[in-house]
Amino acid sequence: MAQDDTSGADLVAADSSHAAPAASPGTAVIAADAFENPGFPPHRPRVTDENPERQKRAQRTVYTLFYLSILGSIWSIAAYMLFPIESNDVGMVRLNNMFFGLGAALALLAIGFGVVHWGKAVMTDVELVDERHPIGGSPETQAAAVQVFQDSDRESGFTRRTAIRNSLIGALLVFPIPALVLFRGFAPQDQLPVPLLSHTMWKKGTRLALDPSGVPIRAADVTIGSAFHVIPEGLQDLEHGKLEEKAKAAVLLMRLNPDELNEREDRKDWSYDGIVAYSKICTHVGCPVALYEQHTHHLLCPCHQSQFDVANHCEVIFGPAARALPQLPIAIDDEGYLVAQSDFTEPVGPSFWERH
Amino acid sequence: MNRQKRRTGRRHPLATVALLALGLVFTGGAYAAFSTGTAQAEADSTSQQTIEEGKKLFQANCATCHGLSAEGTDDGPSLVGVGAAAVDFQVGTGRMPMQMQGPQAQQKPVQFTDEQVKQLAYYVASLGPGPDIPADHLTNGGGDAANGAELFRINCAMCHNVAGAGGALTEGKFAPALTDVSGVHIYEAMVTGPQNMPVFNDMNITPEDKRDIITYLKYVQDNRSPGGFELGSIGPVAEGLFIWIFGLGAIVAITVWITAKSN
């Protein structure tokens, strides 16, 4: 502690000679082999040191910068009044922000540049060395520190009164648990999260409807090459949790040439005459996958470039997604509207703890 | 007296002549107004001459890939039933005739005059029913921009970018920028689904909704970013790269200046 107070005292002028350091005990370096301290390069006087005219000019530059800063601050105030944000005109907001910002930037930058230029061109320019202090304290200080610990341990009984000590450690360990409970609060409180993640609004007979209007879709409306962005009918009328339901139930409906569609045996009746419906939620981290190419039948996720092949039951053909997109089994009802046969048969979206 | 009056009216011997002259003047005037008003009046979809002209152009310019009667070959699809809108879009934006086979037909300077494009379009339309070139009131941007923006975000923005700046697709394909596409071509692209773009038929997005989408795109074209320099509107990667190179570059330059020795 005492050494810290001597910071100014051991500044060594540049031209003072340096003795080769003596070998300290405990190091393998032999003094004679050590590099000789080359000292400072020869002092190179600045233009402002030699030429009083240039020094005057540098001084003028510095105070001009400071005055510019004052002007910038005043301009900021003036600009705020000259370009008021009164109406809902976006253009005025832009002008106000831009001119106020230009003034504020000038005010701060001019101070910064002025101070640096002052230090570099005008202030005294002499190279100095500030020697390092030894890091460790003296043996007395170290012993005193150890003594403090031992005294406080003896007086508090931290190692002796184990019941107190262990209960304190326990209290500290339990302390972060409320934060975990807060995280649990991101999911609905009165329901278990796993069934919520596993089921969507789709159920047997729910009509497929257009996003955002909620108009139900007839199979005949879906021409080959079409891509429809679909929500379950009735989602628009939900009072609460509309976005939560939409985030799980969003579906992309596409019609392919039935010849090009390669379906799994057990899913033959999940499509209708080339019309297929797949969850729009990426199985990687849940971005909406909707970049559909009607000729290659590729679905691209814009977030991490996962690609799904719609013609091949949406299997992953590129990218980090781990699973194929879940397919929504569809059929048509008596009036020709497309309806869901059931909910998705697997949870949509990314993996979670109970689903890998 | 009464009889005399009638003879001076429509029973007058010269009435027929006057009526004929009047009819001729009106017909000629209407024809003149029509032919000067729209240059495309001659490329009438029903005119056999238009279709014949279109057929000649087709056989000279398109038949290599699409076949002599547009039945399609190994190099190009059949055009029966694609409609006038598809031809007007593909040829009118310079995508067809195609420069070369590739992931996607590239846009290039338009090869035909407007009239020739229409002739080609109506020739192909005569081969089979398909979407027609949309009417002016649907493409002039006179709709509801807010509704159009919502529909654009739901149906188009994932590929074309929310500001219409375009974006990449798989294997070299891309969704082009919509910043300088005419309303007619936007409408035709939605109806026909050119290249790998899905079709958005009138049951999916109604003609009025298509008009609203065009209105939104026109609005974006006319009202550029209020935040200043938009860096192509292509999202956080471009903006991050800009600040990494130029923002950090400026900081490094200032640091060098601060620590450099004055002379």
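1. Helices here are DSSP runs of H or I with at least four residues, strands are E runs of at least two, and both are numbered from the N terminus. With that in hand, residues 168-187 of chain A are 75% helix and 0% strand, and the end C-alpha atoms of the span lie 32 Å apart.

2. Some housekeeping. This is a predicted model, in which local features need pLDDT of at least 70 and side-chain atom pairs count only at pLDDT 80 or more, while totals for chains, interfaces and linings use all residues. Residues are numbered from 1 along each chain as its sequence is written, with chains lettered from A and ligands numbered from 1 in the order in which they are written.

3. On confidence: pLDDT is the predictor's own confidence in each residue, on a scale from 0 to 100. Chain A averages 87, and 90% of its residues score at least 70. Over residues 1-20 of chain A, though, pLDDT is below 50, and the stretch has 19 contacts in the model beyond near neighbours in sequence. (A contact means C-beta atoms, placed from the backbone, within 7 Å.) Where pLDDT is low, the predicted coordinates should not be read in detail.

4. Now the annotations. For chain A, an unreviewed UniProt entry puts "transmembrane region" at residues 62-83, 95-116 and 168-187. UniProt positions follow the numbering used here, feature names are shortened, and annotations may be inferred rather than shown by experiment. Residues 95-116 of chain A come out as 100% helix and 0% strand, with the end C-alpha atoms 31 Å apart.

5. Chain B has the annotation too: its unreviewed UniProt entry gives "transmembrane region" at residues 241-260. That span of chain B is 95% helix and 0% strand, and its end C-alpha atoms are 27 Å apart.

6. What about the interface? Here 21 residues of chain B are in contact with 30 residues of chain A. On the chain B side, α8 (145-155) and α9 (157-160) are the elements that give two or more residues. The largest share, three residues, comes from α8(B).

7. Finally, a helix pair in chain B. The axes of α10 (residues 183-192) and α11 (residues 207-222) of chain B come within 10 Å and cross at roughly 135°. Axes are lines fitted to C-alpha atoms, for helices over the stretch in contact, and angles run from 0 to 180 degrees between N-to-C directions. α10(B) and α11(B) are therefore oblique to each other, the class left over once angles under 35 degrees (roughly parallel), over 145 (roughly antiparallel) and 65 to 115 (roughly perpendicular) are taken out.

Technical notes. Two residues are in contact if their C-beta atoms, placed from the backbone, lie within 7 Å.
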